Amino acid sequence: MIELDEARSAVLDHAAPLPATKAALESALGCVLAMPVCTTLDLPSFDNSAVDGFGVQVDDVAGASEGSPIRLELTGTVRAGEDVSGVALSKGKALKIMTGAPVPADVEAVIMREYCREEGEFVHIQRPAKPGENIRRKGEEFQHGQQVLDAGTRVTPAVVGMLATVGLTEVEVHRKPRVAVLVTGDELVKPGTALQPGQIYESNSFALAAILREMGIDDVQLLHLRDERAVITEGIRESLDDSDILITVGGVSVGDFDYVKQAMADLGVEQIFWKINMKPGKPNFVGVYRKESGADTLVFGLPGNPVSAQVSFHHLVKPAILKMIGVANVDRQGLLAELATDIQHKPGRREFLRGVLETKQGRPVVRPVSGQGSHMQGGLAKANCLIDVPPDCPGFKQGDQVFVELLTWR
Ligand code: AMP
Ligand code: MG
């Protein structure tokens, strides 16, 4: 039996960023850039107006004020998207210009519409202008050839926007892992079928598939295997070669029909560890299957209790997936929060209580939910975090600061 921190680093030692592949902009969200991105454009790519206003030459409006505005003749209007290569502004005149419209070469400043009063063919300017005022200059943010995004950047909505801004339709990202999820158990039937005595509805494949969907993992194989050694061995064998991560659920403890560990051994999956000193999620198996291609399959045998399965996924599988897709920092994401109630704890095992974290009067406050059994999904369904109770801790008092990990999947 090992401690969770040790287990996590052992898992991460066996996970590596996957090779680069091209992703269309529409499907790159959540991926990690495998290469830096450079722009072939200047940004902005031409001088353009930051405001709706009037383009002027600075000398023409010197001394203008609200009390004594300067009247200039209007020579035209420039709309966004227009070609202004043939547009000129002569001395003593003004051009109406819209936000984002190109600024013709001899316009020295754009005065906001709010400081101008239009009257027929004329505009009354009520303030002086500084050279370059309200003009977004060509190349002021980036010049063509310059790097705009680093390798290792997580593709957020803002990054998608940046990629589109430089005109890209696809981008080099780390490939996502192909994942197989094999649930085991003779008692399990699909929702939608009538339950016979002794049967329960199979829920882990649904929950884990949903987690994988939230993580942006789309290549997922789901399989239900009966508790028979040959069936389990064959099921795992068939999925090993075509997956980067293989997850079995259930059948990994010490019951008479828990065949997962035997099957792993029969198939040559090298055990990295079995059993973690934590609750929920003690009977966790992690191993590695060495393929001829040299690309190993990371194998997780998660416990079957639904809460244990999801919490174990959070602790072990999630960081492995994040590392494989190229995320550099896969440290636990959490914070200190004030405990709203006392917590009892029997020293010995590290425990993760399901909790609700809220901000109250600007401070993070957490309370454990009711229903902490590892078979009780109601508690997990209410929770948004895990409260980390160290192994030797005799419990906490209301008002104590505790570390909470956010139950998020990205
Ligand atoms: P096991 O780890 O196979 O001993 O299962 C532990 C508990 O979790 C048992 O009560 C199982 O019935 C339950 N369980 C296992 N797999 C699933 C599943 N896929 N969906 C719902 N409950 C499950
Ligand atoms: Mg079972």
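What follows is a short chat about a predicted model.

Me: Ground rules before we start?
Reply: Residues are numbered from 1 along each chain as its sequence is written, and chains are lettered from A and ligands numbered from 1 in the order in which they are written. In this predicted model local features need pLDDT of at least 70 and side-chain atom pairs pLDDT 80 or more, while totals for chains, interfaces and linings use all residues; side-chain values use heavy atoms, leaving out hydrogens and water.

Me: Which residues come nearest to ligand 1?
Reply: Glu187, Glu202, Ser203, Gly251 and Gly304, of the 14 residues around ligand 1. A residue counts as near if one of its heavy atoms lies within 4 Å.

Me: What about an oxygen atom of ligand 1 and the side chain of Glu187?
Reply: That oxygen is 2.5 Å from an N or O atom of the Glu187 side chain. A nitrogen atom of ligand 1 is 2.8 Å from an N or O atom in the side chain of Glu202, and for the side chain of Asn204 a nitrogen of the ligand is at 3.3 Å.

Me: How much of ligand 1 does the protein bury?
Reply: 76% of the 480 Å² that ligand 1 exposes when taken alone. Areas are Shrake-Rupley values with a 1.4 Å probe.

Me: Is Cys38 buried, exposed or partly exposed?
Reply: Partly exposed, because its relative accessibility is 42%; buried is under 20%, exposed over 50%, partly exposed in between (1.4 Å probe, protein chains only). Cys116, at 12%, counts as buried.

Methods. Polar contact = N/O pair within 3.5 Å; in protein donor to acceptor, adjacent residues only side chain to side chain.
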